[in-house]
Amino acid sequence: MIKLFHTPVSILTRLVVLIGATLSLALLLFSWIMINSVVLHFKQQDEYTLSQINLTISSLLSENSDPQNEQFSRIKTILNEHQDIAVYLSDNQGNTLVSPNTNKDIIEALKNYNVEKDNHDQYLKNYRIAQSHIQVGVQNDTKQYRLVTALSLNFHHDYLSSLINNLIISAILLCLLTIFIVYFLVIKGLKPLKEVSDEIKNVTSENLSVRLDPTSVPKELKQLTESFNQMIVKIEDVFVRQTNFSADIAHEMRTPITNLMTETQISLNKSRTKEELVEVLYSNLEEYNRLSRMISDMLFLAQADDNRLIPEKKQVDVLSEIALIFDYFEFLAEDNEIQLKMVGEANPILADKDMLRRALTNLISNAIRYTPKSNAVSISLANVKNGIEIIVSNPGKKIPEEHLPKLFDRFYRVDKSRQRKNEGSGIGLAIVKSIILTHKGTISVASDEYSTRFTLFLPNN
C-alpha cells in the first residue's frame, strides 16, 4: 500500500488533503467526460451538416433540365448562407465552382486534398473535410463531379476553449469552497476526540480513578474509551501493587534488621561470656540468612519481571523429583503429624530441573504449613493433552473467594494479623507463578470447606 504521509500529520490535514485530492480527481474526470461529449457532439453535428450540404449540391446537379451555369448559381446562393463552409466543385470538363468569400489558399488546399494522405495541408487543420464523387447523366452522357466540402472548426475551438477555462475556474472555486467547508466540519467532527483527549490529560499517578464515559462519545470512539478505561484499571492495579510491595518489603526487611540491632545493643550493654557472644552471633546469622534468602528471592522475581529467566530445559521425571522433595520434608511432616501422599503418573517433560524443584518445594512447604495435624498433603499427577497436570492439595480452612486471585502477589497474606515468626518471606507463591509462566505453563488455585488446591499445567515441549 502506498504511504501518502511519510511523517506524522494531523487528522485535520489528512482529511482536508485526501478529500481535496479526491474532489479534484472527480472534477477532472467529470471535465474530461464533458469535454469529450461536447467534442463528439460537434463532430456528429459537423458530419451531419456536411452530409446535408453535399446532398443538396448533389440534388441540384442532378436536375438535368437546368444548364450548368444556373446550377452553379443556385449552389452559390446556398453557400452564401453558410459563411463557415468552403466548397470546391469541379467536373470532368474542367469547370470549377468555389464558395464565395473563401481564401485562395483554402481553395488550393481543397483542390489538392487527398483523403488517403495522412498529412494534409496546414490550411485544413482547422476544418472538417468531406469529399464525394457525383455522377450525373445528361443526354446519353455522364458527367462526373468532384466535391470537397470543408467546415470551419474555429467556432468549436472557441467554445471548447471557453468551456475549459470555465471548468478550470469552477473546479478551483469548488475545491476551495469544499476544503473550507471540510475544514470546519472536520474540526466540529473531531471535537469529541479533543474532549476525550482533555479528559485523558487529567490522569496522573496521583489520580488514577478517572474513567471515561463510553456512552457520552460517538460510536467510533466507544472502543477507544473502553480500551483506555481497561488500561487505567491495569495501571492503577500496578501502582497499588507497587505501593503495597514497597511497604511490605520495607516491613519484612525491618524485622530482621531490628532483631540484629536489638541483639547487638543488648550484647554491648554489659560484658558477655564467650558462650553468650557465640549464641548472639548464631542468632544474628539466622537473621542474615533470612535477609539473604529474601534478597535472593527478590532478585529472582526481578529477573522474571524483565523476562531474563531462561530455563535450561532437560528431560525431567516429575515422579522422582516429588519423591526427593517428600524425603526432604519427611521429618517436618512427622513433627506436625502430617502424611505426604502422591497418586497418579506423569510422563517426563522438558523443564529446568532446579526451577521446577523450587516451585514444587514452595507449594509443598506452603501446604504443610497450613495443614492441620493428623491430615495429609496429597499430590495428584495426570497426563493431559500437550503436557501434564499437577494438583497440590491440603485440607484446612477455606480461603475466601476475594483472596484467591491475590495469593500469588508478593507479600500478600490472607490474615494480615498472622504472626510472621517462622513463616516464609511471603513471596514463595509469587516465585512459583513466575517459574510456571517461564515454562509457558499455567497455575490456578481453588478453595472450599474441604481443601485448598493448586493446579499446575506444564507443557511437554
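Which residues make the nonpolar surface patch of about 760 Å²?

Analyst: The patch is made by L174, L177, F180, I181, Y183, F184, L185 and I187. The model is a predicted one, in which local features need pLDDT of at least 70, side-chain atom pairs count only at pLDDT 80 or more, and totals for chains, interfaces and linings use all residues. Residues are numbered from 1 along each chain as its sequence is written, and side-chain values use heavy atoms, with hydrogens and water left out.

A patch takes in residues with over 30% relative accessible area and no salt bridge; nonpolar side chains (Val, Leu, Ile, Met, Phe, Trp, Tyr) are joined within 5 Å, and like charges within 9 Å. The accessible areas come from the Shrake-Rupley method with a 1.4 Å probe, and for residues only the protein chains shown count as cover. A salt bridge is a side-chain nitrogen of Lys or Arg within 4 Å of a carboxyl oxygen of Asp or Glu.

Y183 sits in helix α4, residues 154-189. Helices (H or I, at least four residues) and strands (E, at least two) are DSSP runs, numbered from the N terminus. With a relative accessibility of 36%, Y183 counts as partly exposed. That word covers values between the other two classes: buried is under 20% relative accessible area and exposed is over 50%, again with a 1.4 Å probe and protein chains only.

Y183 also belongs to a cluster, in which ring pairs link F180, Y183 and F184. Rings of Phe, Tyr and Trp (its six-membered ring) pair if their centres lie within 6.5 Å; planes under 30 degrees apart count as stacked, over 60 as edge-to-face, and the rest as tilted. By this rule there are 5 aromatic pairs. One of them joins Y328 and F329, edge-to-face, with 5.0 Å from centre to centre and 85° between the planes. Y328 is exposed at 64%, whereas F329 is buried at 6%. The rings of F408 and F454 have centres 6.1 Å apart and planes at 85°, so this pair is edge-to-face. It links distant parts of the chain: F408 is in the loop between β9 (387-395) and α11 (428-438), F454 is in strand β11 (residues 451-459), and they are 46 residues apart. F408 is buried, with a relative accessible area of 11%, and F454 is buried, with 4%.

D327, E330, E334 and D335 form a negative surface patch. The place of a charge is taken as NZ of Lys, CZ of Arg, CG of Asp or CD of Glu. Helix α9 (residues 330-335) supplies the largest share of this patch, 3 residues. E334 lies in helix α9, and its relative accessible area of 49% makes it partly exposed.

Opposite charges are the next topic. Side chains of opposite charge can pair when their charged atoms come close. Over the whole structure, 5 salt bridges are found. One joins the side chains of D46 and R128, at 3.1 Å from N to O. D46 is in helix α1 (residues 11-61) and R128 in strand β3 (residues 127-138), so the pair ties together parts 82 residues apart in sequence. D46 is buried at 2% relative accessibility, and R128 is partly exposed at 21%.

Another salt bridge joins D198 and K194, whose closest N and O atoms are 3.3 Å apart. Both residues lie in helix α5 (residues 191-201), 4 residues apart, which is about one turn of the helix. D198 is partly exposed at 31%, and K194 is exposed at 54%. K194, D198 and K201 are linked in a network of salt bridges. R453 and D448 form a salt bridge too, with 3.2 Å between the closest N and O atoms.

Two loop residues remain. N386, which is not a glycine, has a positive phi of about 70°; this residue is in the loop between β8 (376-384) and β9. K440 has a positive phi near 60° and is likewise not a glycine; its place is the loop between α11 and β10 (442-447).

Key:
Lys and Arg count as positive and Asp and Glu as negative; His and the chain ends are not counted.
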